[in-house]
Amino acid sequence: MYETIQVLHSYLAYVALAMLIIAVINAVSGLVSKRIFTMDKDLRISLFALILCHIQLVVGLILYFVSPSGLSAIQEFGMGGLTSAARLLAVEHPFINILAIASITIGWSRHKKFVEGDKKFKSIAIFYGVGLVLILSRIPWSQWF
Ligand code: HEM
């Protein structure tokens with residue numbers, strides 16, 4: 001169970017991150033070039049990134065309860081007893097990623113309220129961009145590669 005979820009979370013991270021990067025680049029380019037926000041391309045890219053991040057969130061939450069590096073690490077060593085590497089996995093990575101995905105979800109909800117393409121692109125660019133930066137800031141890089 002743990003191994004399967006861990007491998008899933010590890011591989012899904014590539015897809016979710018790639019789609020999030022594409023969504024941010026697409027929104028910034030749409031904003032700069034003052035394009036029309038289209039339903040068949042811009043909406044789909046943003047929605048696809050949102051869905052993948054939410055799936056990654058659910059898998060991450062399950063992983064948090066089954067992994068020895070998640071909640072059990074805190075239960076075993078206590079907050080103060082964690083090394084910085086262990087704290088990254090058990091506290092910083094989960095907490096910051098939940099905030100990141102909240103930001104992405106806000107960006108998606110806000111963009112729907114606007115009719116103008118530039119405001120839609122701006123909402124996606126800012127909120128998805130913040131989410132992307134937060135996620136990248138707390139990836140356990142050394143463990144991933
Ligand atoms: C888009 C959001 C996320 C991304 C891109 C992401 C990415 C990753 C990556 C690349 C790893 C290292 C995987 C490996 O060792 O091969 C990892 C580990 C982990 N993640 Fe996430 N994660 C995300 C969200 C979350 C969330 C929301 C939680 C929990 C609430 C979470 C919990 C964990 C845990 C506990 C580990 C350590 C697993 C272990 O080594 O046993 N992740 N994550």
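Rings of Phe, Tyr and Trp (its six-membered ring) are taken to pair if their centres lie within 6.5 Å, and planes under 30 degrees apart count as stacked, over 60 as edge-to-face and the rest as tilted. The model is predicted, so that local features need pLDDT of at least 70 and side-chain atom pairs count only at pLDDT 80 or more, whereas totals for chains, interfaces and linings use all residues. Residues are numbered from 1 along each chain as its sequence is written, and side-chain values use heavy atoms, with hydrogens and water left out.

A search of the whole structure returns five aromatic pairs. One of these joins Tyr14 to Trp144 in a tilted arrangement, with 4.6 Å from centre to centre and 35° between the planes. Because Tyr14 belongs to helix α1 (residues 2–33) and Trp144 to helix α6 (residues 141–144), this pair ties together parts that are 130 residues apart in sequence; helices are DSSP runs (H or I, at least four residues), numbered from the N terminus. Trp144 is buried at 17% relative accessible area, while Tyr14, at 37%, is partly exposed, where buried means under 20%, exposed over 50% and partly exposed in between (1.4 Å probe, protein chains only).

Trp144 also pairs with Trp141, and this pair is tilted because the ring centres are 5.8 Å apart and the planes stand at 40°. Both residues lie in helix α6, three residues apart, or about one turn of the helix, and Trp141 is partly exposed at 37% relative accessibility. Ring pairs link Trp141 and Trp144 with Tyr11 and Tyr14 into a cluster.

Conventions
Helices (H or I, at least four residues) and strands (E, at least two) are DSSP runs, numbered from the N terminus.
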